[in-house]
Each structure stands twice: as C-alpha cells, then as structure tokens.
Amino acid sequence: MIVGELNAKSILVKSNLPESDYVINPYVGCSFGCSYCYASFMGRFVKKKFSDWGGYVYAKVNAPELLEKEIKKLPNKGKGKVVFLSSVTDPFLGYEAKYKLSERCLQIIADYGFKGKLSILTKSPLVLKVLPILKKIKDVEVGLTITSTDDKISRYFEKRAPLVSSRISTLKKLNQAGIKTYAFLGPLLPHFVAKKDELDKVLKAIHETGTRKLFIEHINLAPYIRERMLKELKGVDQEFLNQFYSSQSKSYRNELNKILYGMLKKYKFELLHDEIMFHPEM
Ligand code: SF4
C-alpha cells in the first residue's frame, strides 16, 4: 500500500451528485479497494492508473485548515445546503487513526454551528468513534453500505473493507445512539434476480438494525470500471460474468426493480431519491 501526504487546493467542493451541494473527500484513494468502485478515475490526480485503485491513499493533510476557512464562506452558515462526506473515498479508513482528517473536519463543522445537512457514507465501524461529535451537529445522517449479508461475499468484492456483518452492527449502534441513518444498498450484486431470498435477507437485516431509509443503486459497469473489475475478479467463471453483463440490460433492471419495490413495501422502507439509481454505460 502506498501511503502519502499532499496539500489540497480546496476541500469543500461543489458537487453534481443528486441531493449533495458540496463534497468533502479527506483522502485521495481508498485502501478498501472494492472491485466495483467507480472512484478509480481519481488516480489521474496522483498519476495512478485505474488498475492501481485500492493500492494507494494520500492524506490531504491540510483538509481541516482548508475547511475552517471554506465553511465560513457558505451563506447563512450553510442553511439549506447538503454536504456529503465522502464521494470518492471512505472517510473512515484505518488511516484515520493517524491523520484524524474526517474527525477534525467533523469537529470544525460542529464547532462552526453548520446549519445545513451533513450526510456521511462509510463502510467502517470507525464512524462510531466520532459519535460525541456527531451528536453536536444539528442535522447529520450516517449511511453504511450494505451489499449482502454474507461476509464471504463482502470479502470477495470489497477486499479490504470492514466485513458486512460489522457494518450491519455499526448501523444498529448508530440507531441506538439516536443518530439518523440510512443504508446504501449498492451496487446491487448481479445474483439478486436469481436469488430473491438473498435480497430479502439483506433488506430484513437492514430493517432489524432500525434503519428505515435506503439508497439503492444498480451496478455501474462503465468500461474503466469493468476493466479493473475483470482483473480483480480474475479466474471467475463465465456464467458469473454473464450475470454481471446482463445487469446492464433494461429488462434485467426492470425485473430487479419490481422485486425491490415489493420488498420496500414489505419492510416499509423509504426510498431515497425516489428511485433506484442507475448510471448508463458510457
Ligand atoms: S469503500 Fe467506497 S470509495 Fe472505497 S473502494 Fe469501496 S466503493 Fe470505492
């Protein structure tokens, strides 16, 4: 793993993501190295190839100093705006123990009295370490990515990320602590149409944590993602790959959406963004 440090030019960056006005990414790269990750394009900022994704992390060591200045420029202390931590890295990588960049950024947001909404997305139980800070932020929600209920599957697709069982228990602990939560069910793994019971298990497990909001996304197989994923999943059988490719067809998505909408109703989940997201291949 290559670990480096750099100075960023800015940290509160305007975003084109749905329902996010700004993003904060305290690291470039992500050591969790999920095979399906769309963020591998970030390598161009640190002279890395798509295939290097997962093998490097650069800490933006000046992130807290930048945020301290940039947050003050938001009109009305950010009222009505949504800040998202993080879109192209995980904010709670193990390197937080050394750098504490996300923790320090959260402390700044809390101390400033930010009046907008802060949305966090992670795969890491380290988010629990910042619970006292989260409780001081006016409007904060924390999402955990849950892609299955099986640790073997999470280890396979999300090589160095915390196991899905630990993410499910993190979600439960956040709910018990009174923090608003959501689960990110994405990307939808390609076996779910064939194995509806697996999908039901995932939704049931999330429901049991107390979380009632879901953000759901189909898998994005843009060429650069597909190329890296094929390398990562080397040796996998053709039938499995065919399932991946079929997930890009409209009929597959419609079938899966139908199953999902039925399950959302069954468990009374609120679907964030009012639709199951899909990024067409480009
Ligand atoms: S945790 Fe998120 S940012 Fe990191 S590799 Fe996985 S999908 Fe990408």
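The legends below describe several close-up views of a predicted model.

Residues are numbered from 1 along each chain as its sequence is written, and in this predicted model local features need pLDDT of at least 70, side-chain atom pairs count only at pLDDT 80 or more, and totals for chains, interfaces and linings use all residues. Side-chain values use heavy atoms, with hydrogens and water left out.

Figure 1. Helix H10 covers residues 250–267, where helices (H or I, at least four residues) and strands (E, at least two) are DSSP runs numbered from the N terminus. The buried residues of H10 are Tyr252, Arg253, Leu256, Asn257, Ile259, Leu260, Met263, Leu264 and Tyr267; buried means under 20% relative accessible area, exposed over 50% and partly exposed in between, with a 1.4 Å probe and protein chains only. These buried residues pack against strand S9 (180–185), helix H7 (196–209), strand S10 (213–216), helix H9 (238–246) and strand S11 (270–271), a contact being heavy atoms within 4.5 Å.

Figure 2. Lys268 is found in the loop between H10 and S11, and its phi is near 55 degrees, a positive value in a residue other than glycine. At 68% relative accessibility, Lys268 counts as exposed.

**Figure 3. Helix H7 and its surroundings.** The 14 residues of H7 should span 20 Å at 1.5 Å a residue, and the end C-alpha atoms of H7 are 21 Å apart, which agrees. Within H7, the residues Glu198, Leu199, Asp200, Val202, Leu203, Ala205, Ile206 and Thr209 are buried, and the buried residues of this helix pack against H6, S9, S10 and H10. H7 is followed by Gly210, which has a positive phi near 105 degrees.

**Figure 4. The crossing of H7 and H10.** The axes of H7 and H10 come within 11 Å and cross at roughly 35 degrees; axes are lines fitted to C-alpha atoms, for helices over the stretch in contact, and angles run from 0 to 180 degrees between N-to-C directions. In H7, Lys196, Leu199, Asp200, Leu203, Lys204 and His207 meet Leu256, Ile259, Leu260, Met263, Leu264, Lys266 and Tyr267 of H10. The residues of the contact of H7 with H10 divide into eight nonpolar, one polar and four charged, where Ala, Val, Leu, Ile, Met, Phe, Trp, Tyr, Cys and Pro count as nonpolar, Asp, Glu, Lys and Arg as charged, and the others, Gly among them, as polar.

**Figure 5. The packing of H6 on H7.** Helix H6 (residues 164–176) and H7 pack at an angle of about 30 degrees, with their axes 8 Å apart. That makes H6 roughly parallel to H7, since angles under 35 degrees count as roughly parallel, over 145 as roughly antiparallel, 65 to 115 as roughly perpendicular and the rest as oblique. The contact is made by Ile168, Leu171, Lys172 and Asn175 of H6 together with Ala205, Ile206 and Thr209 of H7, and by class the residues divide into four nonpolar, two polar and one charged.

**Figure 6. The crossing of H1 and H3.** The axes of helix H1 (residues 63–70) and helix H3 (residues 101–112) come within 9 Å and cross at roughly 20 degrees, which makes H1 roughly parallel to H3. The crossing of H1 and H3 is right-handed. Ala63, Pro64, Glu65, Leu67 and Glu68 of H1 meet Leu101, Arg104, Cys105, Ile108 and Ile109 of H3, and this contact has seven nonpolar, no polar and three charged residues.

Figure 7. The peptide bond from Leu85 to Ser86 is cis, with omega near 5 degrees, and Ser86 lies in the loop between strand S6 (82–85) and helix H2 (96–99). Another cis peptide bond joins Gly186 and Pro187, with omega about 0 degrees, and Pro187 is found in the loop between S9 and H7. Lys100, in the loop between H2 and H3, has a positive phi of about 50 degrees although it is not a glycine, and this residue is partly exposed, with a relative accessible area of 35%.

Note on methods:
Expected span 1.5 Å × (residues − 1). Left-handed = near helix turned anticlockwise from the far one by under 90°.
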